[in-house]
Amino acid sequence: MAEELEQSLINQLVEIALDARENSYAPYSNYRVGSALLCDDGINIYPGCNIENASYPCGLCAERVALAKAVSDGHRKFRAIAIVGSNEEICTPCGLCRQALFEFAPDLTVICCGSKGNYEIHRLNELLAAGFGSSSL
């Protein structure tokens with residue numbers, strides 16, 4: 001079971017992810033994604049949005065944008081992330097994002113949202129079963 005988060009904190013993360021989605025650059029897929037990554041300190045929250053590129057592999061997912069912002073500010077431990085997509089279906093992190101987040105927080109609480117605010121809560125190590133981490137080396 002994922003970490004118990006207060007409803008007000010879940011709502012705050014979802015709202016920040018929705019706001020971040022507005023900055024998305026998605027001219028090719030038109031699938032806009034926003035995220036909000038909560039640091040382990042319970043205070044710092046880093047938003048992210050997807051950034052597409054005509055050379056598709058150069059694109060960045062919202063989750064990795066938020067992670068890069070947080071890590072570049074010196075944060076290494078995280079509690080939760082909210083991810084919001086463009087339609088009513090629940091948006092889950094892609095495999096690359098699952099692996100990138102797993103490096104820092106295998107037990108991360110992942111709030112996967114649809115565009116109407118509907119969500120499911122998972123633990124990252126459930127979404128990335130048998131994840132590859134430092135203990136795998």
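## Surface and model

The accessible surface of this protein comes to about 7100 Å², and 52% of that area belongs to carbon and sulfur atoms. Areas of this kind come from the Shrake-Rupley method with a 1.4 Å probe, and for residues only the protein chains shown count as cover. Please keep in mind that this is a predicted model, in which local features need pLDDT of at least 70 and side-chain atom pairs count only at pLDDT 80 or more, while totals for chains, interfaces and linings use all residues. Residues are numbered from 1 along each chain as its sequence is written, and side-chain values use heavy atoms, with hydrogens and water left out.

Charged side chains come next. The protein has 10 positive and 17 negative ones, and the centres of the two sets lie 4 Å apart. Lys and Arg count as positive and Asp and Glu as negative, leaving out His and the chain ends; each charge is placed at NZ of Lys, CZ of Arg, CG of Asp or CD of Glu.

## Overall fold

The protein has four helices and five strands. Helices (H or I, at least four residues) and strands (E, at least two) are DSSP runs, numbered from the N terminus. Read from that end, the elements follow the order α-β-β-α-β-α-β-β-α. The radius of gyration is 14 Å, close to the 14 Å that the globule rule gives for 137 residues, so the protein is as compact as a globular protein of that length. That radius is taken over C-alpha atoms, and the rule is 2.2 Å times the number of residues to the power 0.38.

Along its principal axes, the C-alpha trace spans about 40 × 35 × 30 Å. Of the 137 residues, 45% are buried. Here buried means under 20% relative accessible area, exposed means over 50%, and partly exposed is in between (1.4 Å probe, protein chains only). Among contacts with a separation of 6 or more, 62% are between residues 24 or more positions apart; a contact means heavy atoms within 4.5 Å.

## Around helix H2

Which residues of H2 are buried? They are Ala62, Glu63, Val65, Ala66, Leu67 and Ala70. Their cover includes S1, S2, S3 and H3. Just after H2, Gly74 takes a positive phi of about 100°.

## Two aromatic pairs

The protein has two aromatic pairs. Rings of Phe, Tyr and Trp (its six-membered ring) pair if their centres lie within 6.5 Å; planes under 30 degrees apart count as stacked, over 60 as edge-to-face and the rest as tilted. The rings of Tyr28 and Tyr56 have centres 6.1 Å apart and planes at 70°, so this pair is edge-to-face. Tyr28 sits in the loop between H1 (7-21) and S1 (34-39), and Tyr56, 28 residues away, in the loop between S2 (45-49) and H2 (62-72). Tyr28 is partly exposed at 41% relative accessibility, whereas Tyr56 is exposed at 62%.

Phe78 and Phe104 are also edge-to-face, at 6.1 Å centre to centre with 80° between the planes. Phe78 belongs to S3 (78-84), while Phe104 lies 26 residues away in the loop between H3 (95-102) and S4 (109-113). Phe78 is buried at 8% relative accessibility, and Phe104 is partly exposed at 28%.

## Positive phi without glycine

Asn30 has a positive phi near 60° although it is not a glycine. Asn30 is in the loop between H1 and S1 and is exposed, with a relative accessible area of 58%.

Ala130, not a glycine either, has a positive phi of about 55°. Ala130 is found in the segment after H4 (124-127) and is exposed at 81%.
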